[in-house]
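Here is a brief report on one structure. The sequence and the model come next.

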Amino acid sequence: MKTPTGTHTGRVALVTGAGQGIGQAIALALADRNAQVIATDLQPPHETVRRIGPAAYALQLDVTKEEDWRSVFLKSREIGDVDIVVNNAGYFPNRSIDELDLQTWRKTMATNLDSHFLSVKYFLPAMRKKKWGRFVGISSNMVGLAIPGMSHYIATKMGIIGFMRGLANDVANDGITANSVLPGLTNTLAIAPQSDEQKQDTWSQQAIKRLGEPGDVTGAVLFLTTDDAAFITGQAIVVDGGQYRIG
Ligand SMILES: NC(=O)c1ccc[n+]([C@@H]2O[C@H](COP(=O)([O-])OP(=O)(O)OC[C@H]3O[C@@H](n4cnc5c(N)ncnc54)[C@H](O)[C@@H]3O)[C@@H](O)[C@H]2O)c1
């Protein structure tokens with residue numbers, strides 16, 4: 001059955017790290033539901049916007065830099081108040097705890113966590129005025145897996161879940177929700193260095209025995225950013241074909 005379109009008509013959605021991979025898939029999916037999409041990345045993601053068409057805008061946004069958030073906020077006002085923020089950009093180098101240096105730790109924190117705080121700082125006030133808003137943080141199912149060399153990354157991806165939970169409490173009275181989505185291993189350029197055997201080692205642990213695609217992650221994001229999900233907040237939704245099971 002074809003999914004209904006138009007669920008996001010009238011909404012302006014900002015997606016970070018939208019130049020490729022999961023972020024690009026989310027931007028395309030939101031546009032497909034009639035959202036106006038502000039696609040952002042380290043370089044303006046022109047290819048993503050070309051694929052969407054005139055309802056999208058490509059802006060440069062390094063999520064670690066407050067001046068970039070301020071600049072995107074000011075530019076976004078020419079488009080309309082941002083209703084939906086999807087913080088997707090991520091940094092995930094593998095470093096064993098013995099190799100991990102403070103610079104890598106701080107870059108991981110800045111990319112994967114500061115970004116969420118800064119997005120709230122700039123885009124929450126207009127959502128409060130409109131009494132409607134959605135924050136979605138892209139976390140990872142790795143928070144529940146025994147994968148070595150990722151302590152810094154797992155700390156941030158757990159941090160996203162915690163921040164969304166706390167944020168949910170602070171914005172609940174204004175029609176604003178904050179939730180996390182936890183993808184499993186997903187077929188993007190980020191995992192290209194892994195061998196097919198390594199990928200299969202992971203997906204063979206899933207109930208659904210295939211590698212996830214970026215398009216597999218979009219459904220949860222679309223749902224959480226509609227009115228249908230207005231009573232769902234502070235939650236973490238795992239989208240990994242049934243690898244990580246809670247309880
Ligand atoms: N691919 C996976 O297996 C997987 C699994 C679970 C979670 N995730 C999460 O999904 C998100 C997207 O992952 P992906 O696989 O699509 O990655 P990707 O590397 O394919 O794409 C990430 C995008 O983020 C951008 N980016 C990186 N640093 C940035 C910064 N400082 N400011 C702005 N943009 C920046 C990159 O330019 C790139 O376009 C990440 O948060 C990642 O942690 C990925």
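## Terms and basis

Buried means under 20% relative accessible area, exposed over 50%, and partly exposed in between, with a 1.4 Å probe and protein chains only. This is a predicted model: local features need pLDDT of at least 70, side-chain atom pairs count only at pLDDT 80 or more, and totals for chains, interfaces and linings use all residues. Residues are numbered from 1 along each chain as its sequence is written, and side-chain values use heavy atoms, with hydrogens and water left out.

## His116

His116 counts as buried because its relative accessibility is 2%. His116 sits in helix H4; helices are DSSP runs of H or I with at least four residues, numbered from the N terminus. Beyond residues up to four places away in sequence, His116 touches Asn87, Gly137, Ile138, Ile160, Phe163 and Met164. Contact here means heavy atoms within 4.5 Å. Val86 is 30 residues from His116 along the chain, and their C-alpha atoms are 9.1 Å apart.

## Two sides of H6

Which residues of H6 are buried? They are Lys199, Thr202 and Trp203. These residues cover an arc of only 90° around the axis, so they lie on the same side of H6. The arc is that of the directions from the helix axis to the C-beta atoms. On the other side of H6, Glu197 and Asp201 are exposed.
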